[in-house]
Every structure is written in structure tokens, then in C-alpha cells.
Amino acid sequence: MNNILEIKNLTKSYHTINGEVKTLENINITVYPNDFIAIVGSSGCGKSTILSLITGIISDYEGSINTYDNKIGYMLQTDCLLPWLTIWENAILGLKLTDKIDESSLNRVENLLKKYNLDDFKNKYPSSLSGGMKQRVA
Ligand SMILES: Nc1ncnc2c1ncn2[C@@H]1O[C@H](COP(=O)(O)OP(=O)(O)O)[C@@H](O)[C@H]1O
Ligand SMILES: [Mg+2]
């Protein structure tokens, strides 16, 4: 079966005011369709860095990262919702910024909010939701 993600010899250093901090060294990961993978390790070992590299949030690294399926979703550690927008406005923000608002995309958002039990909170602001609810909105 063809893999959907292949990471080879991934090495990443952060450059800080106190010098270079090597965070990842020669990481190799291959992911196949329907794989369920957990990256486990102590705080600060580089888990978030790996995800930021895979999704392109961080773009300087050594080694190679090849994704063969461009449908990558990434739930960040913090939800990053905009506090001055309602749940509905936050949910459609990506569509708005990429000029993809139409009847079918808005229906999809409606259905997702229902699916994740957020329908009753559409007109509320993030501050009135629990941490888990905010992550589901994100
Ligand atoms: N922007 C950054 N600048 C400098 N060092 C960083 C930065 N982000 C993370 N680090 C360092 O890289 C290491 C791994 O961080 P991170 O990937 O967030 O770990 P984890 O998610 O496993 O807790 C830590 O030592 C952290 O201090
Ligand atoms: Mg982390």
C-alpha cells in the first residue's frame, strides 16, 4: 500500500539567543492510509515541533517530509479562536478568508456544528465555552 506521509532523517534546530537548540535528530516516520499513530514523549521532547513541520507551520529543517495526501488537519494545542467573533463567525472564518462562502460550504458548517453538539452555541462567544468545546469549534 502507498504511504501518505514519509519523513526521512528529519532534524530540526531552533536558533535562540543562547545558541542552537537541537530539538529533533534523524526522525523517520512512514504513515499509511488508516494508520492511527500517537507520538508520545515527555514535555519539550519535540512532539509539537514534528506536527508544525508536517503541516508547514515551520519550514526550515534538514531531511525530507513528503505528504502524498493534502488533506491534513491539525488541532493546535491552543484553540486560537478569535474572542471577539461568535462561534459561527469563527467557524466560517477560514471560508471567508479563502473566498469559499457559498450555500454548500455554509450547509457543511451547519452540519458540523450539529454533529459536534455546538449548534446551540452558534451565537455565543468563545469565552462562554469549555476548553473541549472550543477545541471542537477550532
Ligand atoms: N520557537 C522556539 N524557539 C526556540 N526553542 C523552541 C521553540 N519552540 C520549541 N522550542 C524548544 O524545542 C523543544 C521541543 O518543543 P516542543 O516541540 O514544543 O515540545 P513538546 O510538544 O514535545 O512538548 C523544547 O526544548 C522547546 O523549548
Ligand atoms: Mg506540545
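This is a predicted model: local features need pLDDT of at least 70, side-chain atom pairs count only at pLDDT 80 or more; totals for chains, interfaces and linings use all residues.
Let me begin with the surroundings of ligand 1. The shell around ligand 1 consists of Tyr14, Thr16, Val21, Thr23, Gly41, Ser43, Gly44, Cys45, Gly46, Lys47, Ser48 and Thr49, where a residue counts as near a molecule if its C-beta atom, placed from the backbone, lies within 6 Å of it. Residues are numbered from 1 along each chain as its sequence is written, and chains are lettered from A and ligands numbered from 1 in the order in which they are written.

By class, the shell around ligand 1 holds 3 nonpolar, 8 polar and 1 charged residues. Here Ala, Val, Leu, Ile, Met, Phe, Trp, Tyr, Cys and Pro count as nonpolar, Asp, Glu, Lys and Arg as charged, and the others, Gly among them, as polar. Which elements each supply at least two residues of this shell? They are β1 (5-16), β2 (19-31) and α1 (47-54), and α1 provides the largest share, 3 residues. Helices (H or I, at least four residues) and strands (E, at least two) are DSSP runs, numbered from the N terminus.

I turn now to the core. The largest nonpolar core has 6 residues, namely Ile7, Leu10, Leu24, Ile27, Ile50 and Leu53. Two or more residues of this core come from each of β1, β2 and α1. By a nonpolar core I mean a set of buried Ala, Val, Leu, Ile, Met, Phe, Trp, Tyr and Cys residues joined through C-beta atoms within 7 Å. A residue is buried if 20 or more other C-beta atoms lie within 10 Å of its own, exposed if 12 or fewer, and partly exposed in between, with C-beta atoms placed from the backbone. Beyond residues up to four places away in sequence, Leu53 touches Leu10, Lys12, Ile58, Tyr61 and Ile65; contact requires C-beta atoms, placed from the backbone, within 7 Å.

Next, the chain as a whole. Its secondary structure amounts to 5 helices and 3 strands, in the order β-β-α-β-α-α-α-α along the sequence. The chain is more spread out than a compact globule, because its radius of gyration is 18 Å, well over the 14 Å that the globule rule gives for 138 residues. That radius is taken over C-alpha atoms, and the rule is 2.2 Å times the number of residues to the power 0.38. Buried residues account for 9% of the 138 residues. The domain assignment, automatic or from a database, gives domain 1 (5-67) and domain 2 (87-137). Their centres, taken over C-alpha atoms, are separated by 30 Å.

Finally, some individual positions. Leaving aside neighbours within four places in sequence, Glu20 is in contact with Ser13 and His15. Cys80 sits in the loop between β3 (62-67) and α2 (87-91), and is exposed, with 11 other C-beta atoms within 10 Å.

Two non-glycine residues have positive phi. Asn34, in the loop between β2 and α1, has a phi of about 70°. Asp99, in the loop between α3 (93-97) and α4 (103-115), has a phi near 60°. Asn34 is exposed, with 7 other C-beta atoms within 10 Å, and Asp99 counts as exposed with 7 C-beta neighbours inside 10 Å.

Methods. Two residues are in contact if their C-beta atoms, placed from the backbone, lie within 7 Å.
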